[in-house]
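Please look over the sequence and the structure first, and then follow the account of the sheets, the helices and the ligand.

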Amino acid sequence: MSSPTPRMIARKDGAIGWMIFNNPDRLNAVSLDMWEAVPKIVADFEADPEIRVIVLTGAGGKAFVAGADISQFEAQRADPASVVTYENATTIAFETIARADRPTIAMIDGYCIGGGLGIALSCDLRFASEGSTFGIPAAKLGLAYAASGTRRLVDVVGPAYAKEIFFTARRFTHDEALSMGLINRVFAREALESETRATCATIAENAPLTVMTAKRIVDETRKAPENFDVDYCDRLIARCFASADYAEGRTAFMEKRKPVFRGK
Ligand code: COA
């Protein structure tokens with residue numbers, strides 16, 4: 001697809017849809033046009049059955065994303081009305097990533113700060129290179145972090161680490177991030193992309209409906225018990241058992257060959 005802004009790159013590469021934040025002069029800080037491009041890129045990937053995994057990353061080799069573009073705040077995020085418009089655009093971007101029906105991986109090489117960490121937390125998995133750093137400097141700027149993003153952080157690291165991240169507003173190392181569960185895996189810089197691609201290949205070979213069902217049900221478990229939609233989960237599970245892929249999985253096992261799944 002042609003991206004709506006040159007500061008976002010959307011690239012299809014086999015089973016992977018790459019979404020690349022491309023504002024390297026500002027460490028990929030996200031401007032309004034970039035936030036607004038995110039849902040369009042996700043929608044394009046989701047419309048393509050060949051795409052089995054979406055990987056989000058940053059251009060330039062220094063940063064995943066160093067947050068929202070602060071240079072735009074005076075013009076676009078200062079008075080109450082523009083704050084609402086801006087927050088809507090960021091919320092839609094985060095939610096679209098979080099609700100994507102493909103698994104999403106944040107491939108983090110360098111700074112992963114503020115809204116950048118919010119983007120990474122909207123993904124299902126976070127893989128980082130050694131030397132990457134993480135933080136939410138909201139308390140250094142006097143701004144507030146959206147409740148939905150805070151919830152995602154708490155879901156991943158728990159309340160005690162979430163508070164430490166917010167209260168100190170400091171940067172955390174990849175070791176600290178790993179130990180608090182903020183990231184799934186750490187790789188040497190030179191191995192980050194190949195390892196990410198290897199995981200994508202593994203996921204892409206698996207049954208898409210099973211993967212998507214697992215994603216949805218895991219996310220459902222994070223809701224308050226009274227909002228947990230058992231019927232929805234049961235429908236997703238029934239769809240897997242009724243799928244051609246389930247028949248293919250059984251047959252391939254008996255024939256001692258690799259299954260070929262189609263997501264149907
Ligand atoms: N918005 C706008 N511009 C940003 C930015 C952001 N969030 N983050 C970095 N930049 C710009 C810098 O202003 C600088 O531009 P310049 O070369 O025109 O001066 C350029 O990116 C490089 O950043 P620099 O600060 O020189 O790099 P560094 O390696 O010394 O520090 C950071 C990196 C991430 C620690 C530092 O840039 C920073 O604190 N950025 C702001 C992070 C933030 O508060 N994000 C949350 C926003 S809600």
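Two strands are taken to pair if DSSP finds at least two bridges between them, and helices (H or I, at least four residues) and strands (E, at least two) are DSSP runs numbered from the N terminus. The model is a predicted one, in which local features need pLDDT of at least 70 and side-chain atom pairs count only at pLDDT 80 or more, whereas totals for chains, interfaces and linings use all residues. Residues are numbered from 1 along each chain as its sequence is written, and side-chain values use heavy atoms, with hydrogens and water left out.

**The three-stranded sheet**

Three strands, in the order E4-E6-E8, make up an open sheet with parallel pairing. Because strand E4 (63-65) and strand E8 (133-135) stand at the edges, each with a single partner strand, one side of each has no neighbour in the sheet. From one strand to the next the twist averages 15 degrees, where axes are lines fitted to C-alpha atoms, for helices over the stretch in contact, and angles run from 0 to 180 degrees between N-to-C directions. Two bridges link E4 in the parallel sense to strand E6 (residues 111-113), and Val65 stands opposite Cys112 of E6. Helix H4 (residues 115-122) packs on this sheet, touching E4, E6 and E8, and its direction makes about 90 degrees with that of E6; contact here means heavy atoms within 4.5 Å.

**The six-stranded sheet**

Another open sheet has six strands in the order E1-E2-E3-E5-E7-E9, and its pairing is mixed. Its edge strands, each pairing on one side only, are strand E1 (8-13) and strand E9 (185-187). E1 runs antiparallel to strand E2 (residues 16-21), to which six bridges join it, and Met8 has Phe21 in E2 as its bridge partner. Helix H1 (residues 32-46) packs on the sheet and touches E1, E2 and strand E3 (53-58), with its direction at about 15 degrees to that of E1.

**The ligand**

Around the ligand there are 13 residues, of which Ala66, Ala68, Asp69, Ile70 and Tyr111 come nearest; a residue is near if one of its heavy atoms lies within 4 Å. The table lists polar contacts, which are pairs of N or O atoms within 3.5 Å.

| Residue and atom | Ligand atom | Distance |
|---|---|---|
| Asp25, backbone N or O | oxygen | 3.4 Å |
| Ala66, polar backbone atom | nitrogen | 2.8 Å |
| Tyr111, polar side-chain atom | oxygen | 2.6 Å |

Of the 860 Å² of accessible area that the ligand has on its own, the protein covers 55%, with areas taken from the Shrake-Rupley method and a 1.4 Å probe.

Terms used
A polar contact is a pair of N or O atoms within 3.5 Å; within protein, one must be able to donate a hydrogen and the other to accept it, and residues adjacent in sequence count only if both atoms are side-chain atoms.
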